[in-house]
Amino acid sequence: MTDGSATVNGKYAAGYAAVIRGSSKGPVLEGKQVVTQDDLGLGKAGEGGGFGSRGVTADLDGDGRADFVTQAGRSTVFVVWGSAEGLSKAARLTGTAPLSGDFDGDGRADLVVAGSEDNTAQLLLGPFDREGVPRRTVSLDLTPSDPYFTARPTTAGDMTGDGKDDLLVTWSHVFADEEPIPRATLVYRGTADGKLVKGPRLKDDQGKDFYGAWLQTGDVNKDGFADVVAGLGCEMLGDFMIPEGGTSVVVLYGGPSGESSKLNPLRLTERTTGLPVEGPFSSCTFGVDPSVGDIDADGYADVVFSVRTGTEQDGESSLVLLKGSAWGLTVDGAKSLPGGHAAMLDTNGDRAADLAVQGPGDGEVRVLRGGPDGVELSTALVVKEADLDLGPEISSPGRFFRVVE
C-alpha cells in the first residue's frame, strides 16, 4: 500500500509505502513495515516527490523475494530490496514510470523506465546486482510517426504468446500545458536479445485507435495470449469531455501478431445489458481503474472496475466484477461489490487472486478472499491508516491509499 500524498518530515507529498505481509491465511498486520525515501540512505525526500505513488513489484535480483520499485521526483527510480526482514537497503536509478516484465524470455525479471527526454526509454535486463546495475541495458527509441504525439511505456504482457513479455506504448497528444491525452497504443514485441521490435498499432471494436486512461493485461480467455483491458473515462481537452461513444471498458484480445485476428475487441458501456449495477451513472465514472486477475483460480483472468451511480460526483461507488471465459470476458455471473477502487493480488498463495478494495474516500482498505467459488464477501483484513503506526514524522489524510499489484 502506498500514499504518495503524505507529508514526511514536513515535506508535503513526499510519500510512503507500507508493506502488509501475506501468509497462508491471507494478509496479516504482524510485521508490517512503513518505508519513506528518507529511510533509504540515498538522499532526503523533497516537496512533491511522491515516493510510492508510481510503483511496481518484481524480483529483480533473483533471490526469490519481491523488490519494490517506485518513482520519486521527476527523474529518479528507487529499487528497495526485499529480504527475510522485509524491505531493506535500496539502489537509485535514473528514469520515470517503472514497469516490470520478462522481455527476453529468460525467466528473469526486467525493468523498463521512461527516459528524461521525450519518446525514450531503457530496458534494464535482469538480474540486477544490489547496486542496481542490470545485466544489460537496451536503449529504446519510441518516437511516434506522428509529430503531434509523444510516446510513453504503459504496461507489459505476453500478447504474442511466445513466452516473452511485450511492451505496450501509449501515444498521447499534449494540448498546451494540459496532461497528455492518450490517443493510440502500440505493441513492441519482446525478443531474446532485448531489442524490442515495433509491432502493430492496436485497433478497437470500431476499427479506430485503441487506447485508454488505464491499461492492464491478463489472459481473459486462456488461449495463451495476454489480452489488454482499457478503462476510458473522461478526457481533458481544456475541460472534461466524455469520449466519443461514452465512457467504457474495452478488452482487446491478444494474438500471434499482437492482436487477435479471430476475436473482435469487446466494448462495455453503461448501456451494456446484464451488468450487475443499474444506472444512471455519474458522468465519467464508468470503467475507472480496471484490475485484472484470476479470482477463482480457473485459469481465466477476471476483470474488476469501478462505477459510480447517481447524477452527482458524490454518488454511491460500486465495483463490477466480470469473469473470464473461453469466449472472452462475459457479463454472465457478474457481481457487484461495495467499494471505490480495487486491486487483484494473491495474498495467501492459493493461486486465486484476492481483492484489495479501497473505500470511496474513507481511508480504508478491505481485503476480500478469492477462491473456487469466486470472491468471498467476508473481509479477511481491514487496514486503516491508524493500523500502520506511521509515527509523528508522517502525516496523511489516509484518503489516497493505493495498492501495488
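**Reading a predicted all-strand model**

Of the 405 residues in this protein, 54% count as buried. The model is predicted.

Q: What share of the contacts between residues at least 6 apart in sequence joins residues at least 24 apart?
A: The share is 45%. A contact here requires heavy atoms within 4.5 Å.

Q: How is the accessible surface divided, and how are the charged side chains placed?
A: The accessible surface comes to about 17600 Å², and carbon and sulfur atoms hold 49% of it. There are 36 positive and 61 negative side chains, with the centres of the two sets 3 Å apart.

Q: Why is Phe 128 called buried?
A: Buried means under 20% relative accessible area. Phe 128 has 5%, so it is buried. The residue is found in the loop between strand 11 (120-125) and strand 12 (136-141).

Q: Which residues does Phe 128 touch, leaving out those up to four places away in sequence?
A: Phe 128 touches Leu 60, Asp 61, Trp 81, Ala 109, Leu 111, Val 133 and Pro 134. For one of these, Ala 109, the separation along the chain is 19 residues, and the C-alpha atoms of Phe 128 and Ala 109 are 9.0 Å apart.

Q: Why does Leu 329 count as buried?
A: The cut-off is under 20% relative accessible area. Leu 329 stands at 8%, so it counts as buried. Leu 329 has its place in the loop between strand 25 (316-323) and strand 26 (330-338). Residues up to four places away in sequence aside, Leu 329 touches Val 220, Val 251, Tyr 253, Leu 266, Leu 268, Val 303, Leu 322, Lys 323 and Gly 324. From Leu 329 to Asp 59, 270 residues away in sequence, the C-alpha to C-alpha distance is 30 Å.

Q: Why is strand 28 said to be largely enclosed by the rest of the structure?
A: Strand 28 covers residues 354-358, and five of its five residues are buried, so the strand is largely enclosed. Asp 354, Ala 356 and Gln 358 point one way, Leu 355 and Val 357 the other way, and all are buried.

Q: How do you know that strand 28 pairs with strand 27 and with strand 29?
A: Two strands pair if there are at least two bridges between them. Five bridges join strand 27 (residues 341-345) to strand 28, and four join strand 28 to strand 29 (residues 364-368). Both counts meet the cut-off, so both are pairings. Strands 27 and 28 run antiparallel, as do strands 28 and 29. Ala 342 has Val 357 of strand 28 as its bridge partner, and Gln 358 has Val 365 of strand 29.

Q: What makes strand 1 and strand 4 edge strands?
A: They belong to an open sheet of three strands, order 1-3-4, with antiparallel pairing. Strand 1 (2-3) and strand 4 (28-36) each pair on one side only. Strand 3 (residues 16-21) is joined to strand 4 by five bridges, and the two run antiparallel. Tyr 16 stands opposite Thr 36 in strand 4.

How values were computed:
Residues numbered from 1 in each chain as written. Predicted model: local features only at pLDDT ≥ 70, side-chain atom pairs only at ≥ 80, totals over all residues. Heavy atoms only, no water. Buried < 20%, exposed > 50% of the residue type's maximum accessible area, 1.4 Å probe, protein only. Areas by Shrake-Rupley, 256 points an atom, 1.4 Å probe, with all protein chains shown as cover. Lys, Arg positive; Asp, Glu negative; His and termini not counted. Charge placed at Lys NZ, Arg CZ, Asp CG, Glu CD.
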